[in-house]
Amino acid sequence: MVKVKNLTKTYKKTLALDEVSFSVKKGEITGFLGANGAGKSTTMNILCGYICPTAGEVLINDFNIMEEAVQAQRCIGYLPEHPPLYDDMLVDEYLDFVARLKGIDQEQANLEREQIYVSLHLSDIRFRLIRNLSKGYKQRIGLAQALVGAPPLLILDEPTSGLDPRQILEFRSLLLGLKHKHTIIISSHILSEIQSVCDRLLVIHEGRIVANDTPASLSHTLQGEEQLSLRVRGDQESVQRVLNKVENVSRIEDRVCDEEGACEFILYSDTDIREAVFHALSHANMPILSMARSHMSLEDVFLQLTQK
């Protein structure tokens, strides 16, 4: 769906993008992360055809964004951080206006509009003034204008900015519902939001892509050893002896036992040792009260990738 090859952008003597390359598959939700000044906004503006690259190539659905701009841009629905709304219009009027701007015939526009109202739950407010709507509804209308014309690719820049927790959950649900018909690229500073909806993560730092993988794979790769947290009922020394016999355990950290006779341990290993630990403790008649693998959070991954 999206292919970016050796994308370079310079502003006078400043190198904003340095041979950036990546691809986004059809049906994926890809998160695009980067600190301020990393090159994230520049990349997204080039993808949309708003600015020209100094060098490199961008293909949107096999159309070159520079040489076949009209065809490529018809494949894109764009939602900027601040939706381009007209407060004095009714919702219905506004979406009809957007359809006319995109050159969609009236019959097709009417049909699409009804489908958008249903998918984004906007039917009840279609005849209300945009200025009188909440921030959450305005963000949905911004998403609605991006969906006009049924573009296969959606590019969303900070789509949950300014929303309250409930509105963020509602918007997340809408995005997951759109995944079946659209490929989505989403940028956000809310890292937990990226982690909850994205299949793949792109991290850009100082004009270069420093990571391109699933959130779970990035966490596993950067963390190295896995950590297994255990809470076991039994004598600390006895439990320690049992755990020392489990294969592939590189080291064990123990914690003070509580008043209920339960001891906590953290086991480190390069492999998944949960099953071996379970069998060893079960054989020793030592009940496992809790067992959980721990991973780096997306915040930890981001900081490790972008630290100098």
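The second largest pocket is lined by 13 residues, of which Gln115, Ser119, Leu178, Lys181 and His182 lie nearest its centre. A pocket here is an open set of points on a 1 Å grid over the protein atoms alone, with protein on both sides within 12 Å along at least five of seven lines, and a lining residue has an atom within 4 Å of a point. The model is predicted: local features need pLDDT of at least 70, side-chain atom pairs count only at pLDDT 80 or more, and totals for chains, interfaces and linings use all residues. Residues are numbered from 1 along each chain as its sequence is written, and side-chain values use heavy atoms, with hydrogens and water left out.

Helix H4 (106-120) and helix H6 (165-178) each give at least two residues to the lining of the second largest pocket. Helices (H or I, at least four residues) and strands (E, at least two) are DSSP runs, numbered from the N terminus.

The largest pocket has a lining of 20 residues, and those nearest its centre are Gln73, Arg74, Ile76, Leu101 and Lys102. At least two lining residues come from each of helix H2 (69-73), E6, H3 and helix H5 (135-147).

The table sets out the volumes and linings. A volume is the space filled by probe spheres set on the points, which are joined across faces, edges and corners. Ala, Val, Leu, Ile, Met, Phe, Trp, Tyr, Cys and Pro count as nonpolar, Asp, Glu, Lys and Arg as charged, and the others, Gly among them, as polar.

| Space | Volume | Lining residues by class |
|---|---|---|
| Largest pocket | About 580 Å³ | 14 nonpolar, four polar, two charged |
| Second largest pocket | About 320 Å³ | five nonpolar, six polar, two charged |
| Largest cavity | About 40 Å³ | two nonpolar, three polar, four charged |

A cavity is a set of points where a 1.4 Å probe fits but cannot get out. One cavity of 30 Å³ or more is found in a search of the whole structure. Among the residues that line the largest cavity are Glu226, Ser269, Asp272 and Arg293. Strand E11 (residues 226-233) supplies the largest share of this lining, three residues.

Four aromatic pairs occur in the structure. Rings of Phe, Tyr and Trp (its six-membered ring) pair if their centres lie within 6.5 Å; planes under 30 degrees apart count as stacked, over 60 as edge-to-face and the rest as tilted. The pair of Tyr50 and Tyr78 is edge-to-face, because the ring centres are 5.6 Å apart and the planes stand at 65°. This pair joins distant parts of the chain, 28 residues apart: Tyr50 is in the loop between helix H1 (40-47) and strand E4 (55-60), and Tyr78 is in strand E6 (residues 76-79). Accessibility is classed by relative accessible area (buried under 20%, exposed over 50%, partly exposed in between; 1.4 Å probe, protein chains only). Tyr50 is exposed at 52%, whereas Tyr78 is buried at 16%.

Tyr86 and Phe97 also form an edge-to-face pair, with 5.6 Å from centre to centre and 90° between the planes. Tyr86 lies in the loop between E6 and helix H3 (91-101) and Phe97 in helix H3, so the pair ties together parts 11 residues apart in sequence. Tyr86 is partly exposed, at 46% relative accessibility. Ring pairs link Tyr86, Tyr94 and Phe97 into a cluster.
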